[in-house]
Amino acid sequence: MNLIKTSFISAISTAVTILTGFVTNKIIAVYTGPAGLALLGQFSNFTSAVMAFSTGGINNGVIKYTAEFSGDDNRMLRILSTSFIIVVFCSFVVSAPIIIFRRHLSLYLLKSESYSSVFLIFGFTLILFALNSVLMSVLNGYKEIKKYVAVNIASSFVGLIFTGALVFYLGLYGAFLSFVTAQSVVFLITLGMVARSRWFEVKNFFQGYDKDSLVRLGKFALMTLVSAFTFPTVQIIIRNHIADRVSLEAAGYWQGVWRISEVYLMLITTSLSIYYLPRLSEIKETNILRKEIIHGYKILLPVVVVSALSVYFLREPIIRILFTGKFLPMSELFAFQLIGDFLKISSWLLSYLMIAKAMTKLFISTDIVFSLSFLGLSMLFINLYGVVGVTYAFALNYLLYLLVMSWIFRDVILANSEAVHRENTRA
């Protein structure tokens, strides 16, 4: 399945996700306001980090090796069984401190202990998310895109229903609760979907762990867990800094524009995860690798440019439709945020190669450096220019990241690929 076909199929899922996301955003904005949206951003960053740790960070590894070993049933069996053991172990290890320190977490992240029960429920249901995540990664690796998309569509509707009902009856508490309960239903949907796949048999997940598979998946675990910890943590710190230096409402404005960026870029980021990671994992030849990257730029970047320009010129109607009139001050944040979005996708097309080629040390070092640089630049520019400064930092940080990724692609990745090709040719 090529990039265009994958993008078209994933566009169906993305369209549903965007539409349900619009409705969900509107509900949350109306019932919680900018301050509530800021707190939801804090909770979302926390849950995304925790969810990554609950899977042991192996999702990208499962995608890569499922794609790579799809014709080798024995090696696939070892990957499936090892990944299941990792996920079960990690989800229980992560759940325990969430349950124990639920009051402290509620007070630090949400400014009140009254939401501690949300963390309690989250801790007990985390295993369901972790299992769902691994099953979705296997679907992606096997390129069962139709099933993958069907689950994502179902997930969007479940999230909308849960958010709408719980926010309507319980307000901000209901918004937090919807984040941690919808995953239980989605897991049941995924389980029903994969039950008809040829690779799915319950016994396949109970074959014990395999040392070689553990080492292979461990490389991806390091990459994912560093990303899962660094960037969400940086966002939490920045949001707190905005709240302290400007206001909690201003932090909500930044969360709002960030959410819009996530939504309109969803087609691109979905195509990258569904198509690019398995595809780049398969490619061995340097010339083909280079052509695939250029092909991605030709198709995806024009879409980003048109989308970003549309969002910029329609920003005020978009704010009124997605949020409320109370969020109009965030219109000043769009210009450099959208420039940063373009630079981000440009750099991600290259940085995915580090994941696909399991370049663990390089990925981790660049991730840490640029997360910290974003934090430092944000602190500096917020102090100088107010909340709009965080968008200046975002754009500048991704410009620097793109320059570094271009150098890595040219001088490291392609050079390594050529060396491997020459070695294989001699053999």
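**Helix packing and buried residues in a predicted model**

Helices α5 and α7 cross each other in a left-handed sense. A crossing is called left-handed where the near helix is turned anticlockwise from the far one by less than a right angle, and right-handed where it is turned clockwise. The structure is a predicted model, in which local features need pLDDT of at least 70 and side-chain atom pairs count only at pLDDT 80 or more, while totals for chains, interfaces and linings use all residues. Residues are numbered from 1 along each chain as its sequence is written, and side-chain values use heavy atoms, with hydrogens and water left out.

Two packed helices are described by the angle between their axes and by the distance between those axes. For α5 and helix α7 (residues 172-194), the angle is about 35 degrees and the axes are 8 Å apart. Axes here are lines fitted to C-alpha atoms, for helices over the stretch in contact, and angles between N-to-C directions run from 0 to 180 degrees. Helices (H or I, at least four residues) and strands (E, at least two) are DSSP runs numbered from the N terminus. The contact of α5 with α7 is made up of 18 nonpolar, 7 polar and no charged residues. In this grouping Ala, Val, Leu, Ile, Met, Phe, Trp, Tyr, Cys and Pro are nonpolar, Asp, Glu, Lys and Arg are charged, and the others, Gly among them, are polar.

Helix α5 (residues 116-141) also packs against helix α3 (residues 73-100), at an angle of about 160 degrees and with 9 Å between the axes. That angle makes α3 roughly antiparallel to α5; angles under 35 degrees count as roughly parallel, over 145 as roughly antiparallel, 65 to 115 as roughly perpendicular, and the rest as oblique. The crossing of α3 with α5 is right-handed.

Two serines of α5 were examined individually. Ser116 belongs to helix α5 and is buried, its relative accessible area being 12%. Buried means under 20% relative accessible area, exposed over 50%, and partly exposed in between (1.4 Å probe, protein chains only). With neighbours within four places in sequence set aside, Ser116 is in contact with Arg102, Arg103 and Ser106. Ser137, likewise found in helix α5, counts as buried at 4% relative accessibility. Once its neighbours within four places in sequence are left aside, Ser137 has contacts with Asn59, Val62 and Ile63.

A further pair of helices is formed by helix α8 (residues 211-245) and α9, whose axes come within 7 Å and cross at roughly 140 degrees. This makes α8 oblique to α9, and the crossing is right-handed. Phe231, Gln235, Ile238, Arg239, Ile242 and Ala243 of α8 meet Leu248, Ala250, Ala251, Trp254, Gln255 and Trp258 of α9. By class the contact of α8 with α9 contains 9 nonpolar, 2 polar and 1 charged residues.

Aromatic rings were treated separately. Rings of Phe, Tyr and Trp (its six-membered ring) pair if their centres lie within 6.5 Å; planes under 30 degrees apart count as stacked, over 60 as edge-to-face, and the rest as tilted. This rule gives 24 aromatic pairs. Trp258 and Phe394 form an edge-to-face pair, with 5.2 Å from centre to centre and 65 degrees between the planes. Trp258 lies in helix α9 (residues 248-264) and Phe394 in helix α15 (residues 389-426), so the pair ties together parts that are 136 residues apart in sequence. Both Trp258 and Phe394 are buried. Elsewhere, ring pairs link Phe43, Phe46, Tyr115, Phe119, Phe122, Tyr173, Phe176 and Phe179 into a cluster.

Two further buried residues were examined. Ala308 is placed in helix α11 (residues 286-313) and counts as buried at 10% relative accessibility. Ala308 and Tyr264 are 44 residues apart in sequence, and their C-alpha atoms are 8.0 Å apart in space. Leaving aside neighbours within four places in sequence, Ala308 is in contact with Tyr264 and Leu338. Phe381, in helix α14 (residues 360-385), is buried with a relative accessible area of 15%. Phe381 and Tyr392 are 11 residues apart in sequence and 7.2 Å apart from C-alpha to C-alpha. Not counting residues up to four places away in sequence, Phe381 touches Gly386, Gly389, Tyr392, Ala393 and Leu396.

Notes
Contact = heavy atoms within 4.5 Å.
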